[in-house]
Amino acid sequence: NTHTHTPHIHTHACTHANCILKHPDLFPGSFLVMVMKMVSLGFDLESTRGRDGTQRPPAIPSLPGFIDYASYCVFPSTTVFGPFVTYPEHRKFLNATPLSRWWLLHVAKGWMACVTCLGISVCVAPFLFKEPDWNKWMAAYSSAASFRYSHYFVSFLSECSTLAAGIGYLPLPDGSLSWSSFHVVRPLAIELPRSLGMVVTNWNLPMHLFLKNYVFKPSRGPLGRF
């Protein structure tokens, strides 16, 4: 029975999360991604209630087998550097995704963006506005730019590793696959935002979706709107 296994998954995930909060220096980011996967799997096994009060079926009809569960939790392409993906998205890899030249093009595009952001973070931004040639505000901007581009580097690296594994495509009505719909970060929306909400949302899109679907929405019922 699916519902009898769901509390065990939640308990297991909460135990690991508690260990991370108590000893954050002992656990890498990949461990946090693994905990996020377990939390999302537990919620996807349960039926949800929509805004109109109707009961929606669970996103995953039955508990996956041990091999599928283990491959989802520790899959290198989405665990070492991230990003967070749901179990249905992980199933795309298990279903032998047909690859194409557009897949190779987007993987190469992500790799070039990754290398470019690394070069800007290490070789350009730290030396762009240095004191005492510039005032302290320009020097602070240079330091902040180096931090942002280092984040873009890791984000593009995780995006590239995910696409290389065949995850992140979008099926089109004509039967082809679109590889341009998967994003981890949108630097332009962060560097030139129209609001602070755009920065928070586009800083880490998979994390935003996880918090929205598996933290805030489930908490809205018992805790109310916040």
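1. Four members of the largest nonpolar core, which has 17 residues, touch the most other members: Leu41, Tyr72, Phe84 and Phe210. Such a core is a set of buried Ala, Val, Leu, Ile, Met, Phe, Trp, Tyr and Cys residues joined through side-chain atoms within 4.5 Å; buried means under 20% relative accessible area with a 1.4 Å probe, protein chains only. At least two residues each come from H2, helix H3 (66-73) and helix H10 (205-223). The largest share, seven residues, is given by H2. Helices are DSSP runs (H or I, at least four residues) numbered from the N terminus.

2. This is a predicted model, in which local features need pLDDT of at least 70 and side-chain atom pairs pLDDT 80 or more, while totals for chains, interfaces and linings use all residues. Residues are numbered from 1 along each chain as its sequence is written, and side-chain values use heavy atoms, without hydrogens and water.

3. The axes of H2 and H3, lines fitted to C-alpha atoms over the stretch in contact, come within 9 Å and cross at roughly 135°. In H2, Met34, Lys37, Met38, Ser40 and Leu41 meet Tyr69, Tyr72 and Cys73 of H3, contact meaning heavy atoms within 4.5 Å.

4. Aspartate 44 belongs to helix H2 (residues 29-44). Because its relative accessibility is 9%, aspartate 44 counts as buried. Its side chain makes a polar contact (N or O atoms within 3.5 Å, one able to donate a hydrogen and the other to accept it) with the side chain of tyrosine 214, at 3.1 Å.

Key. Buried means under 20% relative accessible area, exposed over 50%, partly exposed in between (1.4 Å probe, protein chains only). Axes are lines fitted to C-alpha atoms, for helices over the stretch in contact, and angles run from 0 to 180 degrees between N-to-C directions.
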